[in-house]
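Have a look at the fold first, then come back for the notes.

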Amino acid sequence: MSAPFDRLLCGLRAATLADDAGYGLIEDAAIGIRDGRIVYIGPQANLTAEQRQSAREIELFDSALATPALIDCHTHLVFGGNRAREFEMRLNGASYTEIAQAGGGILSTVRATREASEEQLLTAALPRARALMRDGVATIEIKSGYGLDADTELRMLRVARRVGEVLGISVRTTLLAAHALPPEYAGRADDYIEHVCREILPAAHSAGLVDAVDAFCEGIGFSPEQTRRVFDAASALGLPVKLHADQLSNLGGAALVADYGGLSADHIEYTDEAAVARMAERGTVAVLLPGAFLCLRETQLPPIDALRHHRVPMAVSTDLNPGTSPLMSLRLAMNLACTLFRLTPEEALRGATVNAAKALGLADRGRLAEGMRADIAVWGVTEPAELSYWMGAELLQAVQVARLRAD
């Protein structure tokens, strides 16, 4: 007899996403879990009586839908303060310049984050992470980028790690020190990039706080050449890279990160087809962020048809941040990806599972298959399309999150 299941989930309609297309539905499915891994997934009828009897715990469901637990692969959920007042000013007609002169903009978040203690940042971050968990999220990527100095950037990354420890979920940390130019480096962008490469990045790496490195390559951010310097420093430390690319203009950011074999190019509203083809060649995932598209009232759509044509994996994420995407629901992000970007519900679900895992360089989750992490969401619906269809309401019925020694 094979070793017993630690837990056996029965009576499910399982959307495995195990193949490259389709939901991979298994009717009247059972999922056997042992040591934090899926060791059986298939029809209940194929289980032997001995297997059933040996299960330490059995949970019965009434044809509820099971999917891989969701993965939010692009967030900025650790920050101080908020920018609700700025949001209100903008809707009352204030310009970006007027808001900045009144103390708003990204630097207002930088000030609030620098002033916050580690405990204050953690206390503020936990409710945001819990909101994502109520949408079935079991893996979250969290970026720094609101410190812009070594002490605060490392503080943000420590808090991100603690979010995972407190909540019992997986957190992947990304250093985004090249997010904006701090006030003390005004007019000296090259000097700041040198500081990022020589001081902040090595310090974060030596402290074991960084899983990947990001930058904001844009006219209001950093140039392609400055971005390359950050990526070269990351590569020298063996760290993977990703990029806020081509969000407001086409500076060639998507092609740049693909040239480095980067994990993902994120936003990409202005990316051209040549860059999409380069992403396909290098295996770089496109991360779509419809929350920012909505909040900025953008009109330039990401190149969805080109991404499909070149078979570039499309991930979907919240971009949870205080300025341009105060979105704490990955399911709503999936809905927005469908309604604004015209993704299909299958593409949206795959974007928040299979392809989100790829965008984080994780091969052990995002699908329901034997050997994968037992990160499983069970929903009070029957059709996978309902996860993108319903706006609001808590559809999550149960969640199983793997407990592995590697965590």
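What do strand 6, helix 6 and strand 7 make? Together, strand 6, helix 6 (residues 150-167) and strand 7 form a right-handed β-α-β unit; right-handed here means that, with the strands pointing away from the viewer, the path from the first strand over the helix to the second runs clockwise. Bear in mind that this is a predicted model, where local features need pLDDT of at least 70, side-chain atom pairs count only at pLDDT 80 or more, and totals for chains, interfaces and linings use all residues. Residues are numbered from 1 along each chain as its sequence is written, and side-chain values use heavy atoms, with hydrogens and water left out. Helices (H or I, at least four residues) and strands (E, at least two) are DSSP runs, numbered from the N terminus.

**Around strand 7**
- Strand 7 (residues 170-178) is mostly covered, with eight of its nine residues buried, that is, under 20% relative accessible area with a 1.4 Å probe and protein chains only.
- Strand 6 (residues 137-143) runs parallel to strand 7, and five bridges join them; strands pair if DSSP finds at least two bridges between them.

**Helix 7 against helix 8**
- The axes of helix 7 (residues 189-206) and helix 8 (residues 224-236) come within 10 Å and cross at roughly 10 degrees; axes are lines fitted to C-alpha atoms over the stretch in contact, and angles run from 0 to 180 degrees between N-to-C directions.
- The two helices are therefore roughly parallel to each other, a label for angles under 35 degrees.
- Contact (heavy atoms within 4.5 Å) involves residues including Ile193, Val196 and Leu201 of helix 7, and Val230 and Ala233 of helix 8.
- The contact residues split into eight nonpolar, one polar and three charged; Ala, Val, Leu, Ile, Met, Phe, Trp, Tyr, Cys and Pro count as nonpolar, Asp, Glu, Lys and Arg as charged, and the others, Gly among them, as polar.

- Six strands form an open sheet with mixed pairing, in the order 3-2-1-4-13-14.
- Strand 3 (37-43) and strand 14 (396-400) each have a single partner strand, so one side of each is left without a neighbour in the sheet.
- Strand 1 (residues 7-15) and strand 2 (residues 25-34) pair in the antiparallel sense over seven bridges.

Key. Angles under 35 degrees count as roughly parallel, over 145 as roughly antiparallel, 65 to 115 as roughly perpendicular and the rest as oblique. Buried means under 20% relative accessible area, exposed over 50%, partly exposed in between (1.4 Å probe, protein chains only).
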